[in-house]
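Take the model one level at a time. Begin with the fold, then look at one helix and its partners.

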Amino acid sequence: MNFSWQLKTGKIITSTTQQSAMQLNRFTDLGLRVLLSLQYLPESELSTVENLAKQLNVSRNHLVKIVYFMAQAGWIESFKGRNGGIRLAAGSQQLQLGSIVQALEEASSEITTLINCQQPPCSMTEFCFLPKLFNQAQQAFYASLNQYTLKQLQVPATNQAVIKWLTQ
């Protein structure tokens, strides 16, 4: 069975059933969108959370916490003041996608495990192997994504869809 990742929805889709097999949380989804968007900024320019919110068609409030986390992680540079803004930090385009996704998932306030034996409490936890198996699958997912860097996700700015998106 083949899997594909839909960046727009943040879902892993099986090619045979087209149903979600795994879903990234909203924090991760928006974080990836911010990083991808910032790749298209000329090196001398800055963006703002407000501009990104408009460009990505999401709430500014959703992005503030994400941008703060990414600045703390060193993935983006943040400049305060009247002429302030944000941009990708040097070297960020070489970040591995799996590492980015894992860090964003862990930074989210949402539960990041694929199976939660605590809610509701499971009476089989002492002998059940499902949590271990799902954890292994999740690690394999991250390892698979680590074959790609952020830079490899960037479509050339000469692509018509990218040009349309950049000029909106």
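Helices (H or I, at least four residues) and strands (E, at least two) are DSSP runs, numbered from the N terminus. The model is predicted, so local features need pLDDT of at least 70 and side-chain atom pairs count only at pLDDT 80 or more, while totals for chains, interfaces and linings use all residues. Residues are numbered from 1 along each chain as its sequence is written, and side-chain values use heavy atoms, with hydrogens and water left out.

Start with the whole protein. It holds six helices and five strands. From the N terminus the order of elements is β-β-β-α-α-α-β-β-α-α-α. Of the 168 residues, 32% are buried. Here buried means under 20% relative accessible area, exposed means over 50%, and partly exposed lies in between (1.4 Å probe, protein chains only). Contacts, meaning heavy atoms within 4.5 Å, also span the sequence. Among those with a separation of 6 or more, 58% join residues 24 or more positions apart.

Now go to helix H1, residues 26-38. Thr 28 sits in this helix. Is Thr 28 buried or exposed? Its relative accessible area is 0%, so Thr 28 is buried. Leaving aside residues up to four places away in sequence, Thr 28 touches Val 101, Leu 104 and Glu 105.

Helix H1 also packs against helix H3, residues 60-73. The angle is about 70°, and the axes are 10 Å apart. Axes are lines fitted to C-alpha atoms, for helices over the stretch in contact, and angles run from 0 to 180 degrees between N-to-C directions. H1 and H3 are therefore roughly perpendicular. That label covers 65 to 115 degrees; angles under 35 count as roughly parallel, over 145 as roughly antiparallel, and the rest as oblique. The crossing of H1 and H3 is right-handed. In a right-handed crossing the near helix is turned clockwise from the far one by less than a right angle; anticlockwise makes it left-handed.

Which residues of H1 meet H3? They are Phe 27, Leu 30, Gly 31, Val 34 and Leu 35. On the H3 side stand His 62, Leu 63, Lys 65, Ile 66, Val 67, Phe 69 and Met 70. Nine residues of this contact are nonpolar, two are polar and one is charged. Nonpolar covers Ala, Val, Leu, Ile, Met, Phe, Trp, Tyr, Cys and Pro; charged covers Asp, Glu, Lys and Arg; the others, Gly among them, are polar.

Charge pairing comes next. Side chains of opposite charge can pair when their charged atoms come close. A salt bridge is a side-chain nitrogen of Lys or Arg within 4 Å of a carboxyl oxygen of Asp or Glu. By this rule there are four salt bridges.

One of them links Glu 50 and Arg 60, at 2.6 Å from N to O. This pair joins distant parts of the chain: Glu 50 is in helix H2 (residues 49-56), Arg 60 in helix H3, ten residues apart. Glu 50 is partly exposed at 37%, and Arg 60 is partly exposed at 39%.

Return to H1. Arg 26 and Asp 29 form a salt bridge at 3.8 Å, N to O. They lie three residues apart in H1, about one turn of the helix. Asp 29 also bridges to Arg 33, at 2.9 Å. Asp 29 and Arg 33 are four residues apart in H1, so about one helical turn separates them. Arg 26 is partly exposed at 37%, whereas Asp 29 is buried at 4%. Arg 33 is buried too, at 16%. Shared partners join Arg 26, Asp 29 and Arg 33 into one network of salt bridges.
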